[in-house]
Every structure is written in C-alpha cells, then in structure tokens.
Amino acid sequence: MNLTGKVALITGGGTGLGREIARQLALEGMQVAINYSRSKQDADETVEELTGMGVKAQAVQADVSKPAEIQRMVDETATAFGRIDLLINNAGVTKFVAFPDLDALDEEAWDNILAINTKAPFFAAKAVAPIMRANGGGQIINTASIAGLRAMGSSIAYCTSKAGMLHLTRCLAMALAPDIQVNAIAPGLLLTRWGVKFGEERIRQIEQQLPLKRITPLEDCAAAYIMLARNTSITGQVITIDGGASAM
C-alpha cells in the first residue's frame with residue numbers, strides 16, 4: 001500500500017523508537033501527529049525534523065492513561081489532518097522492580113502501568129475506528145515487548161501489561177476486521193532512555209547472550225512498522241524483533 005499523503009498518529013512519538021518510526025514514515029511521505037504527555041521539547045524537535053523532510057507534522061499533547069484525553073487527542077488529530085490512517089500505540093511506562101521484591105510493586109504502580117500499556121491502546125483503537133472506517137479502513141500497530149512473552153523484564157507489572165497488550169491485539173484484530181488491521185511489534189532490549197537504565201554491564205551481558213550478539217538498532221525495529229503499514233494482508237499477528245532472544 002502506498003503511504004504517501006496518509007496520516008499516522010504515534011503515541012509517545014517524540015523520543016526513542018517512536019521518533020525513529022516517525023522519521024521512517026515521513027520518508028514514505030506520511031503526515032504524522034506526534035503525541036506526547038510531558039516531553040514537549042522532544043515532540044516539538046521531532047515535528048521540526050519531520051517538517052524539514054517535507055511532510056506535515058504536528059505535536060498533540062495528551063495523557064493516554066486517561067480515556068477522555070485519548071479521545072481529545074484523536075479528535076484534534078482528525079481535525080488537523082482530515083483523517084487518520086495509521087495508529088501506533090507506542091506510549092509506555094514501567095517501574096524497575098526485581099521480581100522477588102513483591103512489596104516494592106504497589107497498587108499505584110500497577111494501576112499506572114496497566115492504564116498506559118494495556119488500557120490506553122484499547123481506548124485509542126476505539127476512538128480511531130470510526131474515523132478510519134469513514135476513510136475506507138486503516139491500521140493499528142501496538143508496541144509490545146518480548147517481556148509479554150517471557151517472565152523476564154523490568155517488573156512483573158510491566159511483563160503482565162505487555163502480555164495483556166498482545167492478547168488485546170488479537171482481540172481487536174477480530175473486532176475491527178475486515179476494515180482495520182491490528183498487529184503488534186514485540187521488541188527485545190532497545191537502547192532508548194529506558195533501555196540504558198539496565199546499566200552498561202547488564203546490557204553487555206544481554207548482548208553476549210543473544211544469538212546475533214548485538215542489541216537491535218532502533219532503525220531495524222522501526223522498519224518492521226513500515227512493513228506492516230504497507231501490508232494489506234496481515235492482522236492479529238505479533239512480530240518479535242529481539243536479536244533471537246525469544247528463540248533461546
């Protein structure tokens with residue numbers, strides 16, 4: 001599918017993986033709305049970069065832990081661009097808590113992680129579906145994690161939230177077919193500002209354990225989103241990009 005002139009909305013699109021996805025979509029000629037919660041400067045810098053590439057781009061502030069703000073974000077994007085063809089649920093949050101330390105993972109942390117990582121993609125999909133259908137259909141791509149497939153990651157709550165996102169992806173694919181495709185990307189460790197919190201020693205250990213012996217570059221991970229956005233025959237699927245970690 002030709003992406004030129006179509007419109008993407010990326011939650012958490014101003015930094016890390018979200019920013020790299022936005023760049024690659026702009027290279028395809030897509031117009032891009034960059035959602036942010038608190039990182040206004042990062043979002044504005046991303047928008048400036050995208051407009052410099054010759055596409056329309058705009059930053060949209062919203063706290064995606066709140067369904068009412070998700071609806072406002074979607075409405076503002078549709079008003080500004082006239083349509084939404086691609087939603088990328090990329091915003092996420094975690095709390096670094098060792099699995100055995102159950103006392104450190106309190107209810108507030110659980111509620112926040114589940115609200116952003118699992119509930120927000122549902123409410124965003126619900127909000128964009130009528131707009132996509134009015135324009136002949138669309139696509140939703142969720143940023144999951146191999147932590148949703150394995151009992152390893154930054155915390156039990158994070159792993160559980162991403163496991164929920166993976167099954168939500170399959171459920172939404174059934175609910176929104178045939179007009180809207182819904183898929184997920186499950187990256188392994190990425191060297192974003194979250195990823196580096198594991199520390200250099202742990203990152204090197206992970207790298208040496210991987211079959212490919214290297215951490216996945218952001219560019220490689222983002223390229224999978226472009227592949228899915230172009231494709232018209234894939235739905236309900238999870239693509240892992242993890243240097244072979246999930247094959248171990």
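The model is a predicted one, so local features need pLDDT of at least 70 and side-chain atom pairs count only at pLDDT 80 or more, while totals for chains, interfaces and linings use all residues. Residues are numbered from 1 along each chain as its sequence is written, and side-chain values use heavy atoms, with hydrogens and water left out.

On to the overall fold. The chain has 7 helices and 7 strands, taken as DSSP runs (H or I of at least four residues for helices, E of at least two for strands) and numbered from the N terminus. Going along the sequence, these elements come in the order β-α-β-α-β-α-β-α-β-α-β-α-α-β. The radius of gyration is 17 Å, close to the 18 Å that the globule rule gives for 248 residues, so the chain is as compact as a globular protein of that length. That radius is taken over C-alpha atoms, and the rule is 2.2 Å times the number of residues to the power 0.38. Along its principal axes, the C-alpha trace spans about 50 × 35 × 35 Å.

Contacts (heavy atoms within 4.5 Å) reach well along the sequence: of those between residues at least 6 apart, 75% join residues at least 24 apart. As for the surface, the chain exposes about 11200 Å², and carbon and sulfur atoms supply 53% of that area. Accessible areas come from the Shrake-Rupley method with a 1.4 Å probe, and for residues only the protein chains shown count as cover.

Two spots in the backbone deserve a look. The peptide bond from Ala177 to Pro178 is cis, with omega near 5 degrees, and Pro178 sits in the loop between helix H5 (156-176) and strand E6 (180-187). The other spot is Lys213, a residue other than glycine with a positive phi, near 60 degrees. Lys213 belongs to the loop between helix H6 (200-209) and helix H7 (218-230), and is partly exposed at 45% relative accessible area.

Then there are the charges. The chain carries 23 positive and 25 negative side chains, and the centres of the two sets lie 4 Å apart. Lys and Arg count as positive and Asp and Glu as negative, leaving out His and the chain ends; each charge is placed at NZ of Lys, CZ of Arg, CG of Asp or CD of Glu. Salt bridges (a side-chain nitrogen of Lys or Arg within 4 Å of a carboxyl oxygen of Asp or Glu) come to 11.

One of these pairs Asp63 with Lys66, with the closest N and O atoms 4.0 Å apart; Lys66 is partly exposed at 44% relative accessibility. Another joins Glu69 and Arg72 at 3.3 Å, N to O. Glu69 and Arg72 are 3 residues apart in helix H3 (residues 67-81), or about one helical turn. Both ends of this pair are partly exposed, Glu69 at 21% and Arg72 at 30%.

Arg133 and Asp179 also meet in a salt bridge, at 3.3 Å from N to O. Arg133 lies in helix H4 (residues 107-134) and Asp179 in the loop between H5 and E6, so this pair ties together parts that are 46 residues apart in sequence. Arg133 is partly exposed at 39%, and Asp179 is partly exposed at 36%. Finally, Glu20, Arg23 and Glu49 are linked in a network of salt bridges.

Technical notes:
Buried means under 20% relative accessible area, exposed over 50%, partly exposed in between (1.4 Å probe, protein chains only).
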